[in-house]
Every structure is written in structure tokens, then in C-alpha cells.
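Please look at the sequence and the structure before reading on.

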Amino acid sequence: MTLSQAWPDVLTSAEAQFLSDLQGGPQAFRPRQPIMRCEQPVESALYLCSGFAGRYRSDKTGRRQLLALQVPGDYIDLPGFVLGHLDHDLDALGPVVVRGTPHDRLQMLYGQAPELVHKLWRISLIDASIHRYWIFRIGRLAGRARIANFFCEMLLRLYARGLCDFHAFQLPLAQVDLAEACGMTPVHANRMLAELRDEGICTFADGSVQIGKLPKLFQIGQYSWNYLYLAPDLDAEIRGRVIGPGRPAAGALSAATSAA
């Protein structure tokens with residue numbers, strides 16, 4: 001996944017190539033291998049070329065909470081450029097390849113290409129917006145709505161980068177990971193997945209999600225994607241597929257709420 005593929009509405013082709021030229025060589029990680037540890041000093045900003053990575057925090061007994069899921073095309077530790085370290089762990093969920101941009105090269109952008117600093121800040125802010133939405137999902141939605149909502153997000157984030165279509169997408173999570181991401185027990189998650197499967201809405205198995213009823217999935221998940229800040233043409237395409245032409249994207253949530 002190149003930068004120009006991941007952020008075509010943020011970076012021009014020339015800017016994407018310039019940032020790519022600043023990156024070092026690829027680094028590969030095995031499934032479940034640590035990529036970065038909490039409070040360890042970081043000296044480069046990692047770009048996720050392929051694979052999925054999870055952000056975690058653990059309590060005093062070692063039980064982990066999945067905080068975020070990073071997909072190909074994400075910068076996975078830009079805050080470390082300013083803060084010096086991360087406040088959480090970062091693990092590979094499957095085979096992962098990253099490329100790092102040394103912080104001294106990013107520092108150089110302030111003088112040579114300040115507009116790129118602004119655009120990297122925008123990318124970081126979109127990442128923060130996704131974090132806030134995860135809090136909403138777990139704090140407000142219940143039961144299968146959380147899982148449906150999570151599936152909707154992953155579908156659109158991957159579709160926006162050309163990594164899937166609207167019928168299926170790869171999601172290399174174990175069921176316990178999915179339960180963690182949605183703030184529920186594995187037993188509860190299993191029941192909710194069974195309901196979605198039995199109603200023909202979607203099926204989660206073997207690291208992929210197969211979608212049977214796309215509009216219904218969005219309705220059950222009460223899903224609105226405005227926090228992803230997608231390009232207008234992509235936003236319109238999604239709206240046409242899951243809501244219908246001529247209705248605002250924000251209406252997905254209100255319409256779904258009344259239908260649920």
C-alpha cells in the first residue's frame with residue numbers, strides 16, 4: 001500500500017513520493033509479534049505497508065484491551081514524533097510490513113516543506129477521530145449493534161483504500177479479539193455473531209467478513225461515517241449504496257436508530 005493509494009485526497013502524487021523517499025527499508029513482523037512497547041523511546045514514524053496492527057493497554061493483572069485497529073496505509077505512531085514515546089503497546093495481528101521515517105527527517109519538513117507537516121497533522125487528527133468514535137461505540141451501542149458498527153467501519157476504511165469490495169473483506173482477528181474491540185465477553189460476541197449470521201446479514205469466519213445484507217448491516221450498527229473524513233465522491237458513493245441517493249450521510253445514524 002503506497003502513500004498515494006492510502007491518502008489520495010490528502011497528499012498529491014508528488015508529496016506522497018517525497019514522503020515515501022524519506023522512509024527507510026521495509027521491516028517485517030510475524031503474527032502477534034510486538035512492534036512497539038509502551039513508554040519505549042521511538043526514533044521513527046512507522047507507516048503500515050501491509051497487514052493489520054492492534055493498539056493495546058493492559059491492566060495490573062495483564063489483561064489487555066484492544067484500543068484501535070490499524071490497517072494498511074496508516075501511520076501507526078505519528079504521535080511519537082512529538083511525544084517521544086507511545087502510551088500503549090502495538091502488536092502485529094497477522095504478517096505485517098512497515099517502513100519507518102526517522103524523526104530527524106520529519107523535523108526537516110518544518111523548514112523544507114511545512115505544508116507536509118500540516119498534512120501529516122491532518123492524518124494524525126483523523127486517527128484521533130477514529131479513537132473517539134471507538135469510545136462512542138463501546139459507551140453507547142449495545143449488543144450486536146457494536147459488532148455491526150465495527151464491521152461497517154472496517155469495511156469503509158478498507159474500501160477507501162481499494163482493499164475490498166462491498167461484499168467481503170479480510171479481518172485477521174480471532175473471536176476473542178473481536179470481543180475485546182467491542183467491549184464484550186467472547187461468549188456474548190459469539191451470540192451476537194450467530195444472530196447476524198442466522199439473519200443473513202454477515203458472517204465472520206476464518207479471518208474474513210462476508211456481507212449478505214449491506215444496508216441492514218449499517219442499520220443495525222446505527223453507523224455514520226462522518227468521522228472518517230472521506231473524500232466527497234467516495235462519501236456519495238457509500239451513501240448511494242447503503243442509504244439511497246439524495247439523503248445526507250449523517251442521516252444514516254438517525255434513520256438506523258428509528259429502524260432498530
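**Terms and basis**

A residue counts as buried under 20% relative accessible area, as exposed over 50%, and as partly exposed in between (1.4 Å probe, protein chains only). A salt bridge is a side-chain nitrogen of Lys or Arg within 4 Å of a carboxyl oxygen of Asp or Glu. Helices are DSSP runs (H or I, at least four residues), numbered from the N terminus.

The model is predicted: local features need pLDDT of at least 70, side-chain atom pairs count only at pLDDT 80 or more, and totals for chains, interfaces and linings use all residues. Residues are numbered from 1 along each chain as its sequence is written, and side-chain values use heavy atoms, with hydrogens and water left out.

**Salt bridges**

Side chains of opposite charge can pair when their charged atoms come close. The count here comes to 16 salt bridges. In one of them, Arg144 pairs with Glu195, with the closest N and O atoms 3.9 Å apart. This pair links distant parts of the chain, since Arg144 lies in helix α6 and Glu195 in helix α8, 51 residues apart. Arg144 is partly exposed at 23%, and Glu195 is also partly exposed, at 32%.

Within helix α6, Glu153 and Arg157 are four residues apart, about one turn of the helix. Their closest N and O atoms are 3.0 Å apart, and both residues are buried.

Helix α10 holds Glu237 and Arg241, likewise four residues apart, and their side chains meet in a salt bridge of 3.6 Å, N to O. Glu237 is partly exposed at 31%, as is Arg241 at 43%.

Key. Helices (H or I, at least four residues) and strands (E, at least two) are DSSP runs, numbered from the N terminus.
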